[in-house]
Amino acid sequence: MSGSGVNGKSDRLDVRKTYKMLIGGAFVRSESGRALDVNAPGGRWLGHVCRASRKDFRNAVVAARKAASGWANTTPYLKAQILYRAAEMLEGRASTFREVLQSIGLSPAAAKTEVAQAIDLLVYYAGWADKYLQVFGSVNPVSSPYFNFSVTEPMGVVAYVAGEKRPLLDLVSGIAPIVAGGNTVITLSTGRAAVAAMELGEVLATSDFPHGVINLLCGLREELVGQMATHMDVNALITQGADAKESAASREACALNLKRYFPREANGKGDEDPYRILDTVEIKTTWHPVGG
Amino acid sequence: MSSSLAVSTKLNLQAHPVDEVGIRERVARLATRSIKKASKVEGLKLALSMVDLTTLEGADTPGKVRQLCTKAIHLHSGRKDLPMVAAVCVYPTMVRIAREALQGTPIQVAAVATAFPSGMNPLAVKLEDTRYAVAEGAHEIDMVISRGDFLRGDYGRVANEIEQVKEACGKAHLKVILETGELGTLDRVRLASDIAMQSGADFIKTSTGKIQPAATPEVVLVMLQAISDFYRKTGKKIGMKPAGGIANAKAALNLLIMVREVLGPAWLTPFLFRIGASKLPNDMLMQLEKERTGVYQGLDYFSND
């Protein structure tokens, strides 16, 4: 806990970081005051992270909803810049993230690869942020004097439950396509991945995302997924690694307000895929009279 | 008509210094009360029945006012167990439209008058404003005090103005808006409350909704205490109307708690307590729907008027 002091003076105590969640641009503890232990794979205690309550989730929904229209109306160009900025920030803190990932059990090589992939993934979706609209939008042939076109629109507020296998990448691969599509997001990280997620909060908070666009929670999956699925102000739910029971329950609850529900395998396949953006955008078609 | 300079002889102003720290502590303690489940449902229904549903925009149109009136009658489709709101609050030129739209319902029509929201017009104009609103059919008049006169120390003029507006109201109920956000201190809030009550106010009201801060819990508590003292002295029950900045259901329930604690259950009626709001009812409806369905709600599913 202590190291030899500077200039031979008395030993000083380490100043350890309290990992806090990110809700509405603020770093907060759980309103419930609860915390969870995080242990290294060998069982060594690493520290505490927050255990988000259902109320924390609802607060995050309020923050995300408040930010939704502003972010949806931000130009695609600026969204791209901000996502790229997040990549820059993560690059600048790459060594910290490598250490964090190693502390929760990744090998040095695996940690290095995962951080690099996370940065590249942010750049990848930064690139798509001002291009997917052209690819997924269309001008449609119709046999009447109308100009008919389809454009994408963000769905609104998306809840995302990240897996634990790739503590950083599972989270980044979920967030990036959601926000690139103009949605705001509330994520849940569990277990050892929570440490990497809360560390990522500091990167995202300094990347020019408006407050509330990205909200990061950590806690227990079984406590919060049900709330995410039923909440009427959430427009889509994406999860990684849901078991059959959870996905059946979520699918049923999501029907309440016709949320989109995508349970994804946590195998890391398809991280780089523009169709991921399509998962949380809607296609709106307009008929516009032409000629006279 | 008496001269506007005549100082009211009835005015009996005693200093009631307000303990700001004490008020803040009491507010904080009352805010920790937790009202859940069935009590919450009853509390929210009561609060809804006390709402003065308000639209006071330069952009108000007859269509918008009619839409608001429809909301006042039918707060949420598919629910038969909800009360109607107490009143609809509009500008004088919209009174007739609101009266027509609310015909056959017990919902009152309140009009803001006396050069709302600033009050910066001559008394004659304010009185004419009031008479016009009453003639159009307003049941209630929400007047503003002249904050400039008050802050100058010309309490007599403020009192006199309220008396004359009260006279112009005839049978209509008079609510006196103190615009506490412009008064600065709780001491002045207390003084303005005393002046308004002694000059004939049926209700005292915190704010126009155009100035921030508006109905803070501190200000509401001070005004409730003033009402309580006035009742003890005179036996007259004056109503209270917080308005402006009451954002959510929890804040509304906290108001009910304060009224219950300071004035007692006799004041928990729309005849003596109102909440001025435009967006607040939807949050209360969301909470009520949550209690009914067990699921947290989104504004997409509530009418946006």
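Okay, let's start at one residue: Pro242(B), which sits in the loop between β7 (239-241) and α10 (249-262) of chain B. Those helix and strand labels are DSSP runs counted from the N terminus, with helices being H or I of at least four residues and strands being E of at least two. Is Pro242(B) buried or exposed? Pro242(B) is buried, because its relative accessible area is 0%.

Before I go on, a bit of housekeeping. We're looking at a predicted model, where local features need pLDDT of at least 70 and side-chain atom pairs count only at pLDDT 80 or more, while totals for chains, interfaces and linings use all residues. Residues are numbered from 1 along each chain as its sequence is written, chains are lettered from A and ligands numbered from 1 in the order in which they are written, and side-chain values use heavy atoms, leaving out hydrogens and water.

Now the overall picture. Chain A has ten helices and 14 strands. Its radius of gyration is 21 Å, close to the 19 Å that the globule rule gives for 292 residues, so chain A is as compact as a globular protein of that length. That radius is taken over C-alpha atoms, and the rule is 2.2 Å times the number of residues to the power 0.38. Along the principal axes, the C-alpha trace of chain A spans about 90 × 40 × 30 Å, and 49% of its 292 residues count as buried.

Over to chain B, with eleven helices and eight strands. Chain B has a radius of gyration of 19 Å, which agrees with the value near 19 Å for a compact globule of 305 residues. Its C-alpha atoms fill a box of roughly 60 × 45 × 30 Å along the principal axes, and buried residues make up 54% of the 305.

Next up, salt bridges. Side chains of opposite charge can pair when their charged atoms come close. Here a salt bridge means a side-chain nitrogen of Lys or Arg within 4 Å of a carboxyl oxygen of Asp or Glu. How many does the structure hold over all chains? There are 42 salt bridges.

Let me show you a few. In chain A, Glu223(A) and Arg51(A) meet at 3.0 Å, N to O. This pair links distant parts of the chain, 172 residues apart: Glu223(A) is in helix α8 (residues 221-230), and Arg51(A) is in the loop between β6 (45-50) and α1. Arg51(A) counts as partly exposed, because its relative accessibility is 24%.

Then there's Arg221(A) with Glu246(A), at 2.6 Å, N to O. Arg221(A) and Glu246(A) are both buried.

In chain B, Glu182(B) pairs with Arg147(B), and their closest N and O atoms are 2.7 Å apart. Glu182(B) sits in the loop between β5 (173-177) and α8 (186-198), and Arg147(B) is in helix α6 (residues 147-152), 35 residues away. Glu182(B) is partly exposed at 33%, whereas Arg147(B) is buried at 5%.

Most residues other than glycine have a negative phi, and most peptide bonds are trans. Which residue is joined to Pro117(B) by a cis peptide bond? That's Phe116(B), with omega about 0°. Pro117(B) lies in the loop between β3 (108-113) and α5 (123-136) of chain B. The bond from Gln212(B) to Pro213(B) is cis too, with omega near 0°.

As for phi, Ala115(B) has a positive value of about 55° without being a glycine. Ala115(B) is in the loop between β3 and α5, and it counts as buried at 14%. Over in chain A, Asp208(A) has a positive phi of about 75° and isn't a glycine either. Asp208(A) is in the loop between α7 (193-204) and β11 (214-218), and it is exposed at 54%.

Terms used
Buried < 20%, exposed > 50% of the residue type's maximum accessible area, 1.4 Å probe, protein only.
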